[in-house]
Amino acid sequence: NSLANNGTASDAGNHVLKFHAPGFKGTSLFPAGTYSENVVISDSKFTPSNSSKNNWTIAIDPQDDTEDERMRNIIIERNLLFAGSVTNIGISLQAVSVSIRNNIYNGTCGLSANFVTAAKRSSGAPAPTDISVYNNTMYTSSNNLNTSDPFISIENGSAGAMTAKNNLGYAPNASGPGLVT
């Protein structure tokens, strides 16, 4: 399964890309234990609307804070992502076995320059784990980067194994250090 070679923009109320799964307990359409899995998101441009109400460019998360919806084996590569005026996070993750590699993120227009946040946002689904963030380029020319809003974030104790290697972050006007926390 792949989403590739797209120019994607949000309207005034949505994430540019929202990816979730059917309920893990089963539905009338999907048997219990169904994952959204084996997906590649590549070679695309993601541009949020400046009037968007949602503050994540890409959300790979359950649909809300109680659903048990599980995603695994996801690759996000060779994309160009932008932050809109209300963007806090470029890619929000609550999934397992995710590789984010060779992307370019411009967080200049956002409230925060955060490129990736792995966090357990839904109490119903397992915490994110086995997350690899490699060879990405992250940039912001505003002062929206600091220790509490870094380029790459693992929220306190809410995510499992995560590796971040060989990423380049440039923020000439940053209000403090903030590559990875």
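Two strands pair if DSSP finds at least two bridges between them. Strands are DSSP runs of E with at least two residues, numbered from the N terminus. By that scheme, Ile91 stands opposite Val116 in S12. This is a predicted model, in which local features need pLDDT of at least 70, side-chain atom pairs count only at pLDDT 80 or more, and totals for chains, interfaces and linings use all residues. Residues are numbered from 1 along each chain as its sequence is written, and side-chain values use heavy atoms, with hydrogens and water left out.

**The sheet**

- An open sheet is formed by 5 strands in the order S3-S6-S9-S12-S15, and the pairing is parallel.
- Strand S3 (17-19) and strand S15 (152-154) stand at the edges with a single partner strand each, so one side of each has no neighbour in the sheet.
- From one strand to the next, the twist averages 15°; axes here are lines fitted to C-alpha atoms, and angles run from 0 to 180 degrees between N-to-C directions.
- Strands of a sheet pair through backbone hydrogen bonds, either parallel or antiparallel.

**Strand pairs within the sheet**

- Strand S6 (residues 56-60) runs parallel to S9 and is joined to S9 by 4 bridges; the bridge partner of Ala59 in S9 is Ser92.
- S9 and S12 also run parallel, joined by 4 bridges.
- Strand S12 (residues 114-118) pairs with S15 in the parallel sense over 3 bridges, and Thr117 has Ser153 as its bridge partner in S15.
- In strand S9 (residues 89-93), 5 of the 5 residues are buried (under 20% relative accessible area, with a 1.4 Å probe and protein chains only; exposed means over 50%, partly exposed in between). Strand S9 is therefore largely enclosed by the rest of the structure.

**Aromatic pairs**

- The structure holds 3 aromatic pairs. Rings of Phe, Tyr and Trp (its six-membered ring) pair if their centres lie within 6.5 Å; planes under 30 degrees apart count as stacked, over 60 as edge-to-face and the rest as tilted.
- One of them joins Tyr105 and Phe115, whose ring centres are 5.3 Å apart with planes at 35°, so the pair is tilted.
- That pair links distant parts of the chain, with Tyr105 in strand S11 (residues 104-106) and Phe115 in strand S12, 10 residues apart.
- Tyr105 is buried at 0% relative accessibility, and Phe115 is buried with a relative accessible area of 0%.
- The rings of Tyr139 and Tyr170 have centres 6.0 Å apart and planes at 25°, so this pair is stacked.
- Tyr139 belongs to strand S14 (residues 137-139) and Tyr170 to strand S17 (residues 168-170), so the pair ties together parts 31 residues apart in sequence.
- Tyr139 is partly exposed, at 31% relative accessibility.

**Charges over rings**

- A charge sits over a ring if NZ of Lys or CZ of Arg is within 6 Å of the ring centre and within 35 degrees of the ring normal.
- Arg70 has its charged end over the ring of Phe24, 3.8 Å from the ring centre.
- Arg72 has its charged end over the ring of Tyr35, 3.5 Å from the ring centre.

**Two single residues**

- Ser122 is placed in the loop between S12 and strand S13 (129-134), and is buried with a relative accessible area of 1%.
- Not counting residues up to four places away in sequence, Ser122 is in contact (heavy atoms within 4.5 Å) with residues including Pro62, Asp64 and Gln94.
- Leu3 lies in strand S1 (residues 2-4) and is partly exposed, at 28% relative accessibility.
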